[in-house]
Amino acid sequence: MKEILDIEDVWEAVEPTEEEDVNPRKDKKACAYILQAIPEDVLLQIAKKKTAKEIWESLKTRPTFVNIYKKGSVEQYSPVPYLATFFNCMLWVLYGLPFVHPNSILVITINGAGTFIEVPNNKRLKLIVIAVLEVVFVGVVAVAVLSLVHGTKDRSRVIGIIAIVGNIMMYAAPLSVMNDDTEPS
């Protein structure tokens, strides 16, 4: 798509330089080319975008999600963020159980859904082993806390602290996939 917009001399409408305003005619032409290539279901989702730049920005991240969804696998993408989210959701489900933190049905509901969504469905043995280890760890935490800590207030505190560590891991996990391509000079 970028090549077509470049050949048609309208790419500057998608990525304008800061100094110059976008020619409205080129912007409309770029919008037309982009919109022609978009499936109808996506077209409805971006209907309120007014410029080629807005449309392009909205579409930039979609291919990654669509590819993961269609293939049912993260393939070449790092599984670390998904595994961290899976682990974190399991910890919060444990936290929300009535014998740990009573009246936490919303915590269980949202994190139960998150656990279900993040269940690794990949055939790579390493991922399956890591996911099983995460499930075992949460099981060990559950048994240890339920056996050793008495009262929902204390259980909530202990599992809550562990779950907060899980939150930190989940939010830091995407940083693990970044690589530093810059060399110090």
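Which residues of H8 are buried? The notes below come back to that, after a quick tour of this predicted model.

1. **The overall fold.** Read from the N terminus on, its elements run α-α-α-α-α-α-α-α-α-α. The protein chain holds 185 residues, and buried ones make up 31% of them. Among the contacts with a separation of 6 or more, 59% are between residues 24 or more positions apart.

2. **Helix H8 and its buried side.** Here is the reply to the opening question: Asn 111, Gly 114, Thr 115 and Glu 118 are the buried residues of H8. They cover an arc of only 100 degrees around the axis, so they sit on the same side of H8. If you are wondering what lies over them, the cover includes helix H7 (80–96).

3. **The length of H8.** This helix takes in residues 105–118, and its 14 residues should span 20 Å at 1.5 Å a residue; the end C-alpha atoms are 20 Å apart, so the two values agree.

4. **Helix H7.** Is H7 mostly covered or mostly exposed? Mostly covered: 14 of its 17 residues are buried. The length check works here as well, because 17 residues at 1.5 Å a residue should span 24 Å, and the end C-alpha atoms of H7 are 24 Å apart.

5. **How H3 and H5 pack.** Helix H3 (residues 24–36) packs with helix H5 (residues 52–60) at an angle of about 30 degrees, and their axes are 8 Å apart. Angles under 35 degrees count as roughly parallel, and H3 and H5 are therefore roughly parallel to each other.

6. **Who meets whom.** On the H3 side, the contact is made by Asp 27, Ala 30, Cys 31, Ile 34 and Leu 35; on the H5 side, by Ala 52, Lys 53, Ile 55, Trp 56 and Leu 59. Sorted by class, the contact of H3 with H5 has eight nonpolar residues, two charged ones and no polar ones.

7. **The buried side of H5.** To finish, look at H5 by itself: Ala 52, Ile 55, Trp 56, Ser 58 and Leu 59 are its buried residues. They cover an arc of only 160 degrees around the axis, which puts them on the same side of H5. Ala 52, Ile 55, Trp 56 and Leu 59 are also among the residues of H5 that meet H3.

Note on methods. Residues numbered from 1 in each chain as written. Predicted model: local features only at pLDDT ≥ 70, side-chain atom pairs only at ≥ 80, totals over all residues. Heavy atoms only, no water. Axes fitted to C-alpha atoms, helices over the stretch in contact; angles between N-to-C directions. Helix = DSSP H or I, 4+ residues; strand = E, 2+ residues; numbered from the N terminus. Parallel < 35°, antiparallel > 145°, perpendicular 65-115°, else oblique. Contact = heavy atoms within 4.5 Å. Nonpolar A, V, L, I, M, F, W, Y, C, P; charged D, E, K, R; others polar. Expected span 1.5 Å × (residues − 1). Buried < 20%, exposed > 50% of the residue type's maximum accessible area, 1.4 Å probe, protein only. Arc of directions from axis to C-beta.
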